[in-house]
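The stops below are meant to be selected one after another.

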Amino acid sequence: MKNLICILLLALFLYAEHKPLEIVYIGHTRVDHPFVKLVSTFSHAVAKDLNINLNFVSPNMKKTSKEGNLNRYIYENFAKHYFFLQHKPDVLISILFRRTGKEILNFSKEGNVPVFIVNTNISDEDRSDIGEPRGIYKHFLGLVAASEKQAGELVISTLIEKARKKKPNKNLVIVGISGPRETSEAIERNMGLQSGLNKYKNVTLKQITYANWRKDIAYQQTLKFLDRYPDLDIIWTASDGMAIGAKEAIVQKGRKVLVGGIDWSNAGIEAVEKGVIDVSVGGHYLNGGIALVLLYDYFHGIDFKDELGLEVNFNMFKLSNENIKNFKKSFSPDQWDKIDFTKYSKALNPKLKKYDFSLERFIMDIEEKNRSH
């Protein structure tokens with residue numbers, strides 16, 4: 001009898017060791033949105049290597065705006081269901097909206113399901129209610145987000161440096177087109193724009209408008225800019241879609257104005273390749289997959305907080321005519337299954353001292369795989 005109990009305990013231990021993690025990932029916009037497709041594709045490539053059962057869910061088109069966006073109330077109503085499933089996941093990945101973000105954390109507490117936040121930071125006005133991960137909300141494991149401010153600064157710095165090559169002594173005239181006023185991403189990207197401008201002399205920001213991530217609104221606003229500012233040099237935008245809309249207006253008016261955006265959307269990458277826009281900054285769709293590696297390690301006894309802390313912000317990367325060809329050749333979505341994501345886990349690699357989720361590392365792994373075949 002004693003031997004039987006030992007065998008059963010050993011079997012349970014082995015099952016627990018090899019039982020896949022169950023993770024529900026709630027996309028922030030509809031499932032066919034280009035950005036969400038990239039997040040989902042990369043995350044599933046990671047999940048496959050780490051033996052994670054990943055259920056990636058997003059609302060249908062009827063629940064979203066024309067652009068596929070969700071307001072915070074619709075998102076939270078959609079997300080709530082997944083915290084109270086009969087068969088609960090080990091952890092749920094979500095975003096936080098400003099002012100109502102704590103509702104997600106309340107669901108986590110009431111449903112007794114840990115939550116991990118991706119691609120949104122805790123806003124200043126919510127900090128007193130939410131606090132830090134694992135503080136007020138014990139089930140709030142941590143967050144991984146992009147440095148939106150760094151992205152906004154990288155766009156404007158790249159555009160200014162490019163303009164300076166042709167107009168070294170001219171005072172550069174600049175306008176900005178941003179996303180919705182209330183979203184933390186737009187606010188932080190705007191801060192990056194201002195921070196970047198502060199590092200240069202002879203630059204003048206005339207105004208910032210808000211196009212709510214919409215290409216058509218950016219197009220209309222740019223037509224007005226071009227009439228208003230005949231010496232306009234640069235249009236900084238907070239998204240690739242708005243950058244493309246702005247460029248359409250520039251072409252229509254027969255003007256030469258530099259344009260850059262943020263996202264690394266498929267359309268944005270193609271626009272950089274064809275010279276339609278001058279720079280796209282992105283890579284934040286990788287954060288979903290990075291979160292899976294960190295969660296895998298956490299649930300296997302290696303806490304990411306020891307190296308990275310509980311609120312992790314990774315820098316984004318720029319694509320321009322200098323590196324776009326190599327990027328498309330080496331890092332297209334159909335190449336991601338060539339990355340061995342087990343090599344990025346500390347739990348699976350006890351000798352690994354530091355995490356490395358750089359774009360250069362991912363590309364290097366893909367190129368090594370291609371050379372070996």
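Select strand S1 (residues 21-26) together with S2: the two run parallel and are joined by 6 bridges. Strands here are DSSP E runs of at least two residues, helices are H or I runs of at least four, and both are numbered from the N terminus. This is a predicted model, in which local features need pLDDT of at least 70, side-chain atom pairs count only at pLDDT 80 or more, and totals for chains, interfaces and linings use all residues. Residues are numbered from 1 along each chain as its sequence is written, and side-chain values use heavy atoms, with hydrogens and water left out.

Within this pair, pick Ile 26, which stands opposite Val 57 in S2.

Next, show the whole sheet. It is open, with 6 parallel strands in the order S2-S1-S3-S4-S5-S11; two strands count as paired if DSSP finds at least two bridges between them. S2 (52-57) and S11 (311-314) are at the edges with a single partner strand each, so one side of each has no neighbour in the sheet.

Now select helix H4 (residues 101-111). Its buried residues include Ile 104, Leu 105 and Phe 107, where buried means under 20% relative accessible area, exposed over 50%, and partly exposed in between (1.4 Å probe, protein chains only). Just after H4, Asn 112 takes a positive phi of about 60 degrees.

Finish at Ser 147, in the loop between S5 and helix H6 (148-166). Is Ser 147 buried or exposed? Ser 147 is buried, with a relative accessible area of 17%. Leaving aside neighbours within four places in sequence, Ser 147 is in contact (heavy atoms within 4.5 Å) with Asn 313, Phe 314, Asn 315 and Met 316.
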